[in-house]
Structures are given as structure tokens and as C-alpha cells.
Amino acid sequence: MAEQDEPRSLDELAAEVDENGEVSAEGPESSDDLEILKRERDEIRDRFIRALADAENTRKRAERDRREAENYGGSKLARDLLPVHDNLRRALDAIAEDQREAQKALIEGIELTMRELLSVFKKHGIHPIEPQVGDKFDPQQHQAMFEAPVPGTKAGEIIQVATQGFMLHDRLLRPAQVGVSSMK
């Protein structure tokens with residue numbers, strides 16, 4: 001049986017490799033060869049560290065994308081449900097006081113449906129933008145449907161609210177539709 005050589009370290013093996021990547025029988029021929037190997041080792045180490053950093057960045061990006069998909073993935077469905085909210089609101093606003101007693105059960109059902117819809121909206125991070133007459137027009141949250149000169153108001157004040165707007169977490173889902181004063 002032949003005697004087995006003891007395992008050698010990477011530096012010992014690298015010391016025996018010449019410029020062409022071949023193992024020399026007598027070890028490195030000069031300190032230049034050793035310097036070349038050290039530079040190559042450092043370059044490989046640098047590439048390895050960069051690959052690790054790239055993998056970490058990819059993991060963070062995937063986590064951020066997952067969170068965004070979780071928070072904002074249902075925005076299309078939410079946008080499609082806003083007309084349902086608007087129609088329920090219009091139905092409640094159209095009920096005359098004298099009809100309230102006669103249609104009590106129907107009105108109660110509509111109000112209950114509206115509360116349930118708003119509860120579901122809240123659960124999923126959808127909250128209304130409710131501008132009031134006299135508030136300052138904010139183009140980040142409001143959409144001007146018309147401008148009109150109304151005495152006693154300042155330019156840029158809201159004079160009428162047509163529909164509520166909605167936010168999905170911190171993103172605008174739909175701007176509130178408003179009328180704006182054009183007084184100078």
C-alpha cells in the first residue's frame with residue numbers, strides 16, 4: 001500500500017501553480033508567481049463578496065415586491081367596487097324623509113350593506129377622502145369637475161363635492177370629484 005499524503009492547504013497548493021495554471025514540481029519559481037496568485041485570490045474573493053451582496057439585494061427586492069403585491073394587489077378590484085359604494089350612497093341620499101318610515105326595512109338593509117362595504121374597505125386599507133365645502137382644493141387628492149365664480153369664496157376653494165375619493169393605504173385609488181371656486 002502506498003502512503004497517503006497529508007492534505008495540504010489551499011495556499012500550499014496555490015504556491016505550486018504557475019502562470020499557466022499548471023502545477024510545477026518544484027513549487028513557485030518566483031515571488032512574482034505568488035503575487036499573481038494572491039491577486040487572483042483577491043479578485044475571486046471580491047467577486048464572491050459582490051455575488052453575496054447581489055443575492056442579498058435580490059432577496060430584499062423580492063420581499064419589497066411581495067409586500068407591495070400584498071398591499072396593492074387588490075387595487076383593481078377595489079376600484080371596481082367604488083361604483084357600488086357610490087350607488088349605495090346615492091340611494092340613501094335620494095330617500096325623502098316621508099319615505100323613511102314607510103320603507104324602514106329597505107332603508108335599513110341599504111344602510112347595513114353600506115356599513116358592511118365600508119368595513120371591508122377599512123379591513124383592506126381603503127379609506128375615504130371626504131373633502132368639505134370650503135376646503136382648499138388639493139390636486140393630489142381631488143379632481144376638479146368644474147369651476148364656477150361663487151361670491152363669498154376664494155379661488156381654489158371647494159364649492160361642491162360630487163363624489164368621495166379613496167386611498168388604498170398611502171396611494172390614491174380615486175380622487176374626490178369636486179367643484180372649485182374661480183373667484184379672484
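**Exercise 1.** In which helix is Phe 48 found?

Solution. Phe 48 is found in helix H2, residues 31-72. Helices (H or I, at least four residues) and strands (E, at least two) are DSSP runs, numbered from the N terminus. This is a predicted model: local features need pLDDT of at least 70, side-chain atom pairs count only at pLDDT 80 or more, and totals for chains, interfaces and linings use all residues. Residues are numbered from 1 along each chain as its sequence is written, and side-chain values use heavy atoms, leaving out hydrogens and water.

**Exercise 2.** Is Phe 48 buried or exposed?

Solution. Buried means under 20% relative accessible area, exposed over 50%, partly exposed in between (1.4 Å probe, protein chains only). Phe 48 has 52% relative accessibility, so Phe 48 counts as exposed.

**Exercise 3.** Classify Ser 75 and list its contacts.

Solution. Ser 75 is found in helix H3, residues 75-93. Its relative accessible area is 19%, so Ser 75 is buried. Leaving out residues up to four places away in sequence, Ser 75 touches Leu 168 and Leu 173. Contact means heavy atoms within 4.5 Å.

**Exercise 4.** In which sense do S4 and S5 pair?

Solution. Strands S4 (165-168) and S5 (171-174) pair in the antiparallel sense, over three bridges. Pairing requires at least two DSSP bridges. Phe 166 stands opposite Arg 174 in S5.
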